[in-house]
Structure formats: C-alpha cells, structure tokens
Amino acid sequence: MRIGQRDFRTKGHAYVMGILNVTPDSFSDGGKYMDLDQALYHVEQMITDGMDIVDVGGESTRPGYTKVSEQEEIERVVPVIEAIKSRFNVPISLDTCKSEVAKAGISAGADMINDIWGLKYDDKMAQVIAESGLPCCLGHNRKEPKYTNLIEEIFWDLEASLDLANKAGITYDKIILDPGIGFGKSYENNLEIIDNLQKFHSLGCPVLLGASRKSVIGMGLDLPVNERVEGTLVTTVYGVQRGVMFVRVHDVKENVRAVKMTEAIRDGYKN
C-alpha cells in the first residue's frame with residue numbers, strides 16, 4: 001500500500017502511527033500541541049523515535065467530547081499539515097469524519113484519511129476520498145455499546161463501511177480497517193476485540209489497532225492517562241502477534257521498540 005511517497009507492506013510487519021492532536025481537549029494530550037512550533041517539534045521527535053506515519057487530528061473524540069465546526073477543525077489542521085509537509089518527509093494521515101475537513105486536508109497535503117465512523121457520519125466522505133485516490137482507514141463506531149454478538153456485529157458494521165467505499169469507487173487495496181477500541185465499546189468489549197484482532201483479517205483488508213492510553217488500559221491497571229505506557233505496550237505486542245498493519249500510539253519510541261522485539265522473537269531466528 002502506498003501512502004504518500006512511501007510503500008507499506010500490508011502483511012508481515014507492524015508500522016507505528018504517531019498521534020498528533022492539535023486540540024485543546026483530547027483525553028491524553030489536549031492543549032499540548034495547539035502551538036504550531038510545539039506541534040512541529042513533537043513531529044520531529046516522533047520521527048527521530050521511529051514513527052512511520054503521523055496522524056493529525058483537530059477534534060477530540062474522547063467520550064463526551066465537544067464537537068467543533070468544520071471551519072474550526074480546518075483552521076486547526078490545515079496549517080499543521082502544510083507545515084509538516086514542507087519540513088518533513090513523513091506520510092500524513094488526517095483524522096476526521098467530516099468531508100469538508102478531509103477535502104481541505106487533502107488540498108493541504110494529507111496522504112490518507114482516517115475516519116473513525118467508517119464513512120457513516122458524513123455521506124459525502126466516501127466520494128471525497130474516492131476522488132482523491134488516497135488510501136483511508138475506516139473505523140468501527142457506535143453511539144452505544146450494545147451488542148448481542150460483539151465480534152460478529154463489528155464485522156457486519158465494517159462490511160457496511162466497505163460497501164459504502166466500494167460504491168464510491170474506493171478499492172480494497174486502499175483500505176485499512178480499525179475495529180474501534182474505545183468507540184461505542186465497554187471495557188470488556190475492548191478486551192475481547194484486542195484478543196480477537198486476527199479474526200478481522202478475513203474482511204480482506206489490513207488492520208489498525210488504536211488502543212494507546214485508552215480507558216481499557218486505565219481500567220485494567222487502575223492508572224491515570226499519564227501512566228499507561230506499559231499497558232499500551234502490551235496491546236501493541238498483542239497486535240503484532242495478531243498481524244496488524246499499524247499501531248496508533250502516543251509514545252512512539254517505546255512502541256517502536258516493542259514492535260521490533262516482538263517481530264524479532266517471531267521472525268528473527270527463521271531462515
């Protein structure tokens with residue numbers, strides 16, 4: 001899969017997607033990177049630490065978040081995307097579920113769209129992505145964590161997203177799927193998804209895991225957001241073992257090392 005100027009293997013290796021939230025209220029790092037210089041310094045540090053792609057978000061998606069207008073989200077992300085593009089050679093993912101934001105981000109230089117609602121929030125999103133020719137990550141989300149058969153129902157919902165993509169002209173070779181840890185899921189739901197990540201490969205697309213510092217880790221370890229690195233690393237190891245393509249994380253250096261060591265144990269001694 002080509003993202004920006006780089007080719008990514010869809011099987012056999014997990015890449016690290018670094019999180020850059022240019023928001024005042026994200027659950028983990030809200031307000032830290034609203035200043036452009038601070039954002040660029042953080043990107044530079046994540047690149048030094050081994051980041052493969054940066055995911056820029058301009059609206060918090062934490063539980064109970066305050067929605068912002070399309071214009072405000074555009075004003076947050078576009079200058080950052082333009083600045084990253086002009087200074088660094090790193091693929092840029094734009095985390096948004098709004099078609100106008102996606103359109104502005106693509107014009108600014110975004111190389112991929114990461115939609116946590118899997119094309120279901122904005123009925124124009126699929127066409128915007130299709131016309132751009134860019135790859136996308138389609139996430140699973142629900143307003144309420146109500147399931148009879150969790151894994152099966154996530155499959156159905158993701159298949160519906162794939163159908164929307166297909167009808168718009170987005171080909172399967174440009175799609176990554178995210179089962180949506182923390183989005184319309186209970187603590188137990190999140191644990192079950194992580195333990196069954198390998199099952200999502202049957203949908204025919206590579207998988208992204210986004211569990212970094214989330215409540216599933218906080219609840220499992222009874223720890224605040226700023227003490228969830230070790231718990232995140234466990235989810236990363238699980239993801240690598242279950243064949244995910246990307247782990248989306250806040251702490252790049254530690255997760256790059258975790259991926260490398262896990263893959264060394266799995267593959268390093270084999271001829």
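This is a predicted model: local features need pLDDT of at least 70, side-chain atom pairs count only at pLDDT 80 or more; totals for chains, interfaces and linings use all residues.
Colleague: How many aromatic pairs does a search of the whole structure find?

Modeller: It finds 4. One of them joins Y15 and F246, with 5.8 Å from centre to centre and 45° between the planes.

Colleague: Why is that pair of Y15 and F246 called tilted?

Modeller: Rings of Phe, Tyr and Trp (its six-membered ring) pair if their centres lie within 6.5 Å; planes under 30 degrees apart are stacked, over 60 edge-to-face, and the rest tilted. The 45° of Y15 and F246 therefore falls in the tilted class. The two residues are 231 residues apart in the chain, Y15 in strand β3 (residues 15–21) and F246 in strand β10 (residues 246–249). Such strands (E, at least two residues), like helices (H or I, at least four), are DSSP runs numbered from the N terminus.

Colleague: What makes Y15 and F246 count as buried?

Modeller: Y15 counts as buried because its relative accessibility is 5%, and F246 because its value is 0%.

Colleague: What makes the pair of F155 and F200 stacked?

Modeller: Their ring centres are 5.3 Å apart and the planes stand at 25°, so the pair is stacked. F155 lies in helix α5 (residues 150–168), and F200 in the loop between α6 (187–195) and β9 (208–209).

Colleague: What makes β8 and β9 edge strands?

Modeller: The open sheet has 8 strands in the order β8-β7-β6-β5-β4-β3-β10-β9, with parallel pairing. Each of β8 (175–178) and β9 pairs on one side only. Two strands pair if DSSP finds at least two bridges between them.

Colleague: How do you know that β4 and β5 pair?

Modeller: Strand β4 (residues 53–57) and strand β5 (residues 92–95) have 4 bridges, so they meet the requirement of at least two. V56 has L94 in β5 as its bridge partner.

Colleague: What covers the description of strand β6 as buried on both faces?

Modeller: In β6 (residues 112–115), M112 and N114 on one side and I113 and D115 on the other are all buried.

Key
Residues are numbered from 1 along each chain as its sequence is written. Side-chain values use heavy atoms; hydrogens and water are left out. Buried means under 20% relative accessible area, exposed over 50%, partly exposed in between (1.4 Å probe, protein chains only).
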